[in-house]
Structures are given as C-alpha cells and as structure tokens.
Amino acid sequence: MDEFFQRLREIQKKERSLSGLSPVGDDFYHKVFRYLDSLMEKIGNNQLSLDSYLLLRDAQRIVAEICERREHKITNSAVMNVQRSYQLFVEQKEELLPQSPLNSTPEEIELYAELFRS
C-alpha cells in the first residue's frame, strides 16, 4: 500500500469515529482526483496488473465512504442551523449564514452555503 492510500484509510477511520469533520486539508479533493487518476494511468499502462485494479477498487470505495460521511455531516449541520436561525431570526434568514463546520474544504463550504440558502 502506498502512502496516500494509508492517509485515506486514516481519514476514513476518523470520519467513522468523529461526530464532526476530520481535518483533510483544503486541497483534499484535488489530491484524491490526482491519486485516482494516477491509479487509472497505471492500469492503462499495465492492463494485466491485478494489484493495480484491486488498489483502485479499494481506493474508490474508501473515497466514496469518506465523501458520503462528510456530506451527511455537512447536510445535518446545515439543516440544524437553518432550523435554529428560522426560530430565532425569522425575518433575517436570508442575511444569515452561520459558520460552516470546522475542517470543511472550500468545496464543502460552498455546499454548506448552498444548502443553508435553499
């Protein structure tokens, strides 16, 4: 297993155990894309490599779980904050945008803002 794959496993474990978002860094999704792209390239260069196929499959599964868990946490946070802001500031709902969850990436901050405004 390579170093980035091990990092993905660590993030997966943290996402499972923490109620909030685990720290992944602002460029997490870009790194994941590059990593998966490099695995696809390895397979393209050596179509008989079972190890490369298995590594890609496992990495895709782990990344999908990480993304699903993070999206779920962000969505729950947005829903709870909308309910709170609606109850407290009915007339000011459009102007308020509570802080996005701690350890959000730029893409996740955008998702949170869109969910909150909807």
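Colleague: What does Arg16 form a salt bridge with?

Modeller: Glu65. The closest N and O atoms are 2.6 Å apart. Keep in mind that this is a predicted model.

Colleague: Is Glu65 buried or exposed?

Modeller: Buried, because its relative accessibility is 15% and the cut-off for buried is under 20%. Arg16 is partly exposed at 45%.

Colleague: What else does Glu65 meet in a salt bridge?

Modeller: Arg69, at 2.8 Å from N to O. Arg69 and Glu65 are four residues apart in helix α3, so about one helical turn separates them. Arg69 counts as partly exposed, with 33% relative accessibility.

Colleague: And what does Arg70 pair with?

Modeller: Arg70 forms a salt bridge with Glu108. The closest N and O atoms there are 2.6 Å apart. Glu108 lies in helix α4, residues 106–117, and Arg70 in helix α3, so this pair ties together parts 38 residues apart in sequence.

Colleague: Are those two buried or exposed?

Modeller: Glu108 and Arg70 are both buried. They also belong to a network: salt bridges with shared partners join Glu15, Arg70, Lys73 and Glu108.

Colleague: How many salt bridges are there in the whole structure?

Modeller: Seven, from a search of the whole structure.

Colleague: Let's zoom out. How many helices and strands does the chain have?

Modeller: Four helices and zero strands. From the N terminus on, the elements run α-α-α-α.

Colleague: What share of the residues count as buried?

Modeller: 35% of the 118 residues. The chain exposes about 7900 Å², and carbon and sulfur atoms supply 53% of that.

Colleague: What about contacts between residues at least 24 apart?

Modeller: Take the contacts between residues at least 6 apart in sequence. Of these, 67% join residues at least 24 apart.

Colleague: Now α2. What should it span, and what does it span?

Modeller: Helix α2 covers residues 28–45, which is 18 residues. At 1.5 Å a residue it should span 26 Å, and its end C-alpha atoms are 26 Å apart, so the two agree.

Colleague: Which residues of α2 are buried?

Modeller: Phe28, Val32, Tyr35, Leu36, Leu39 and Ile43. Seen down the axis of α2, these fall within an arc of 90°, so they line one face of the helix.

Colleague: And what is on the face turned away from that buried side?

Modeller: That face carries the exposed residues Phe33, Arg34 and Asn45.

Colleague: Where is there a nonpolar patch on the surface?

Modeller: At Leu50, Tyr53 and Leu54. Together they have about 280 Å² of accessible area. Leu54 has its place in helix α3, residues 50–88. Leu54 is partly exposed, with a relative accessible area of 32%.

Colleague: Switching to the loop between α3 and α4. What is Ser100 in contact with?

Modeller: Ile109 and Tyr112, leaving aside neighbours within four places in sequence. Ser100 itself is found in that loop, between α3 and α4. Ser100 counts as buried, with 12% relative accessibility.

Colleague: What is the phi of Asn103?

Modeller: Positive, at about 75°, although Asn103 is not a glycine. Asn103 also lies in the loop between α3 and α4. It is partly exposed, with a relative accessible area of 31%.

Colleague: Last one. How far apart are Gln83 and Phe116?

Modeller: In space, 9.8 Å from C-alpha to C-alpha. In sequence, they are 33 residues apart. Gln83 is found in helix α3. Gln83 counts as partly exposed, at 45% relative accessibility.

Methods:
Residues are numbered from 1 along each chain as its sequence is written. This is a predicted model: local features need pLDDT of at least 70, side-chain atom pairs count only at pLDDT 80 or more; totals for chains, interfaces and linings use all residues. Side-chain values use heavy atoms; hydrogens and water are left out. Patches are made of residues with over 30% relative accessible area and no salt bridge: like charges are joined within 9 Å, nonpolar side chains (Val, Leu, Ile, Met, Phe, Trp, Tyr) within 5 Å. Accessible areas come from the Shrake-Rupley method with a 1.4 Å probe; for residues, only the protein chains shown count as cover. A salt bridge is a side-chain nitrogen of Lys or Arg within 4 Å of a carboxyl oxygen of Asp or Glu. Helices (H or I, at least four residues) and strands (E, at least two) are DSSP runs, numbered from the N terminus. Buried means under 20% relative accessible area, exposed over 50%, partly exposed in between (1.4 Å probe, protein chains only). Contact means heavy atoms within 4.5 Å. The expected span of a helix is 1.5 Å times one less than its number of residues. The arc is that of the directions from the helix axis to the C-beta atoms.
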